[in-house]
Amino acid sequence: VVLPLGHFSGYAGTVALAILMIPVVTRTAEDMLRLVPNTLRESALALGAPRWKVTLTVVFRSAKAGLLTGILLAVARVSGETAPLLFTALNSPYWFSSLSGPTPNLTVTIFNYAMSPYEDWQRMAWGASLVITAGVLTFTLLARLVLRERKS
């Protein structure tokens with residue numbers, strides 16, 4: 001993506017991270033959809049529901065937790081990726097106004113600060129790592145809270 005655009009950009013970083021997420025999400029989704037019992041599908045089809053409606057209302061609802069887990073695994077995986085962002089979005093120490101240029105990102109900043117000889121930069125790298133970890137944890141807890149099933 002960087003070569004056709006001719007420069008580093010946030011868009012190229014987004015595409016790189018999306019490409020990393022696709023295999024995790026598709027593999028998990030495939031496994032979760034296969035775990036839904038065929039008898040559940042057959043019973044919905046026997047009631048006269050069309051196949052697309054059975055898939056959307058019965059199969060996806062049954063596999064919802066597993067599908068969410070796959071998405072959360074992919075997000076957690078790419079949240080710590082540095083190399084794809086280094087080679088696509090580069091990095092910038094300044095606040096960005098557009099995704100069409102080098103974009104600041106936390107993972108590359110952590111890498112740069114962790115490799116510095118200054119102790120205060122190394123402490124900031126640890127703090128930034130904590131921010132990423134807390135962000136992933138918060139995102140996971142919120143997703144679980146919003147999508148949990150209500151017990152009657």
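Q: What is the volume of the largest pocket?
A: This is a predicted model, in which local features need pLDDT of at least 70 and side-chain atom pairs count only at pLDDT 80 or more, while totals for chains, interfaces and linings use all residues. Residues are numbered from 1 along each chain as its sequence is written, and side-chain values use heavy atoms, leaving out hydrogens and water. A pocket is an open set of points on a 1 Å grid over the protein atoms alone, where a 1.4 Å probe fits and protein lies on both sides within 12 Å along at least five of seven lines. Taking volume as the space filled by probe spheres set on such points, joined across faces, edges and corners, the largest pocket has about 290 Å³.

Q: Which element gives the largest share of the lining of the largest pocket?
A: The lining, meaning residues with an atom within 4 Å of a point, has 17 residues, and G13, T14, L17, L85 and N105 are the ones nearest the centre of the largest pocket. Two or more lining residues come from each of α2 (10–35), α5 and α7 (106–114), where helices are DSSP runs of H or I with at least four residues, numbered from the N terminus. The largest share, six residues, belongs to α2.

Q: How many charged residues are in the lining of the largest pocket?
A: Residues are sorted by class (Ala, Val, Leu, Ile, Met, Phe, Trp, Tyr, Cys and Pro are nonpolar, Asp, Glu, Lys and Arg charged, the others, Gly among them, polar). In the lining of the largest pocket, nine residues are nonpolar and seven are polar, and the number that are charged is one.

Q: How much space lies in the second largest pocket?
A: The second largest pocket has a lining made up of N91, S92, P93, P104, T109, N112 and Y113. By class, three of these lining residues are nonpolar, four are polar and none is charged. The space in the second largest pocket is about 160 Å³.

Q: How are α2 and α5 oriented to each other?
A: The axes of α2 and α5, lines fitted to C-alpha atoms over the stretch in contact, come within 8 Å and cross at roughly 155 degrees. Angles run from 0 to 180 degrees between N-to-C directions, and those over 145 count as roughly antiparallel. The relation of α2 and α5 is therefore roughly antiparallel.

Q: How many residues of the contact of α2 with α5 are nonpolar?
A: In this contact (heavy atoms within 4.5 Å), residues of α2 including L17, L20 and M21 meet residues of α5 including G66, L67 and G70. The contact of α2 with α5 has three polar residues and one charged residue, while the number of nonpolar residues is 13.

Q: At what angle do α7 and α8 pack?
A: The contact of these two helices brings together residues of α7, among them L106, I110 and Y113, and residues of α8, among them W121, M124 and I132. The residues of this contact divide into ten nonpolar, three polar and no charged. With their axes 8 Å apart, α7 and α8 pack at an angle of about 150 degrees.

Q: How are α5 and α8 oriented?
A: Helix α5 (residues 64–79) and helix α8 (residues 119–147) have axes that come within 10 Å and cross at roughly 165 degrees. That angle makes the orientation of α5 to α8 roughly antiparallel.

Key:
Angles under 35 degrees count as roughly parallel, over 145 as roughly antiparallel, 65 to 115 as roughly perpendicular and the rest as oblique.
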